[in-house]
Amino acid sequence: MKVAIVGLGLIGGSIALALKKSTRGSELTIIGIPRREETLKEALEKTIIDEGTIDLKKGVSDADVVFICTPISLVTQIIDEIGHSLKPGAIVTDVASSKESIVAKAESLLPPEVFFVGGHPMAGREKVKLAAAESGLFKDRIYILTPTKKSDRHAVKALTDLITLLGAKILKLDPVEHDRVVAAISHMPLAISAALVNTIAEHKHHQKEMVTCASTGFRDTTRIASGDPALGIDMFLTNNEAVLEMIDEFKSALTRLEAAIREHDTDAIAKLLKQAQNFRDDIYR
Ligand code: NAP
């Protein structure tokens, strides 16, 4: 089986490494299609891929499965570009963290003899690019697939089998449902984490002392603010509606806590903190 990976960064590189290391690694030919010659050279030298090219159409022409692992804003443009270079029966998937608009566009752009199934691995790091890629990135992590009524049953099964080789656990969600879920647990938290850091960054008095005293609590609460801004922009703009809905819900929750603090309402504060403590402890037992 020939697997082409368009975009060899953290996610694309990690998929290549995980597939090669998997039980079926020797049966798979991994074709890397990065943007730059330097990335291609690095991927070949480190044997992350078996072969590669920066010629997009040529790279995908013989592939059975194509993973599109570029920034979100490029996914549909790339699908449009490769559509007629793919062989009949080829399966195309992506890894972008927004799904509704990408899935709808991909299904309308690709020719009928090529199958699309959206995907999104719930695994990542603040560090990006090929140097950060690792074979164990998806182990025991959730990998969301977003098949629709239009998806080909056999393509969904074949992709599920391939992704299982990454060590990930598959969860199937409708694209709209996916976007709401991810807005809540990934995109809205990034907005809050960045706003929290900026509250200190823009603070006029005692900022130096605040930074000196900041310890593990501040570091843990703001970890995701260190991510690549380009990824954040894409998340907020491609999952706009769901992100804004979740930011509104967050503001309501903060306002409830603010009111309890303002009124010195010990019971209300305790109730809200206890609810958060119990819910979080249930998630990370
Ligand atoms: P990344 O490390 O920055 O990698 C993106 C890669 O895409 C880079 O290697 C870049 O090439 C390449 N690229 C850019 N434009 C291209 C083009 N026109 N043609 C071919 N390749 C191109 O980013 P990433 O973290 O892997 O993110 C990629 C995708 O994964 C995004 O859609 C994101 O939503 C999704 N995702 C990310 C995470 C995460 O935690 N980072 C988690 C889940 C899903 P160069 O190296 O040459 O610049």
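Trainee: With which residue does D140 form a salt bridge?

Mentor: In this predicted model, the closest N and O atoms of the pair are 3.6 Å apart. A salt bridge requires a side-chain nitrogen of Lys or Arg within 4 Å of a carboxyl oxygen of Asp or Glu. The partner that D140 meets in this way is K139.

Trainee: Is D140 buried, partly exposed or exposed, and why?

Mentor: The exposed class begins over 50% relative accessible area, and the buried class lies under 20%. K139 is exposed because its relative accessible area is 54%. D140 has a relative accessibility of 49%, and therefore it counts as partly exposed.

Trainee: Which residue forms a salt bridge with D94, and are the two buried or exposed?

Mentor: The closest N and O atoms of this salt bridge lie 2.8 Å apart. The partner of D94 is K99. As to their setting, D94 and K99 are both buried.

Trainee: What is the strand order of the open sheet of 6 strands, and which strands stand at its edges?

Mentor: The pairing in this sheet is parallel, and the order is β3-β2-β1-β4-β5-β6. Each edge strand has a single partner, so one of its sides is left without a neighbour in the sheet. The edge strands are β3 (51-52) and β6 (115-116).

Trainee: Which residue of β2 stands opposite K2?

Mentor: β1 pairs with strand β2 (residues 29-33) in the parallel sense, over 5 bridges. Within β2, the residue opposite K2 is T29.

Trainee: What is the handedness of the crossover from β8 to β9?

Mentor: Strand β8 (residues 142-146) runs parallel to strand β9 (residues 169-172), and 4 bridges join them. Among the paired residues, I144 has L171 in β9 as its bridge partner. The chain passes from β8 through helix α6 (residues 153-164) to β9, and this β-α-β crossover is right-handed.

Trainee: Which element gives the largest share of the largest nonpolar core?

Mentor: This core has 37 residues, and those with the most contacts inside it are I5, I15, L19, F67, F138 and Y143. The elements that each supply at least two of its residues are β1 (2-6), α1 (10-21), α2 (37-45), β4 (65-68), β8 and α6. The largest share is 6 residues, and the element that supplies it is α1.

Trainee: Which residues make the nonpolar surface patch of about 390 Å²?

Mentor: One member, Y284, is placed in the segment after α12 (266-283). Y284 counts as exposed because its relative accessibility is 58%. The patch is made by F279, I283 and Y284.

Trainee: What distance separates the C-alpha atoms of K208 and T39?

Mentor: K208 lies in helix α8 (residues 207-213) and counts as exposed, at 68% relative accessibility. K208 and T39 are 169 residues apart along the chain. Their C-alpha atoms are separated by 40 Å.

Note on methods:
Residues are numbered from 1 along each chain as its sequence is written. This is a predicted model: local features need pLDDT of at least 70, side-chain atom pairs count only at pLDDT 80 or more; totals for chains, interfaces and linings use all residues. Side-chain values use heavy atoms; hydrogens and water are left out. Patches are made of residues with over 30% relative accessible area and no salt bridge: like charges are joined within 9 Å, nonpolar side chains (Val, Leu, Ile, Met, Phe, Trp, Tyr) within 5 Å. Accessible areas come from the Shrake-Rupley method with a 1.4 Å probe; for residues, only the protein chains shown count as cover. Buried means under 20% relative accessible area, exposed over 50%, partly exposed in between (1.4 Å probe, protein chains only). Two strands pair if DSSP finds at least two bridges between them. A crossover is right-handed if, with the strands pointing away from the viewer, the path from the first strand over the helix to the second runs clockwise. A nonpolar core is a set of buried Ala, Val, Leu, Ile, Met, Phe, Trp, Tyr and Cys residues joined through side-chain atoms within 4.5 Å.
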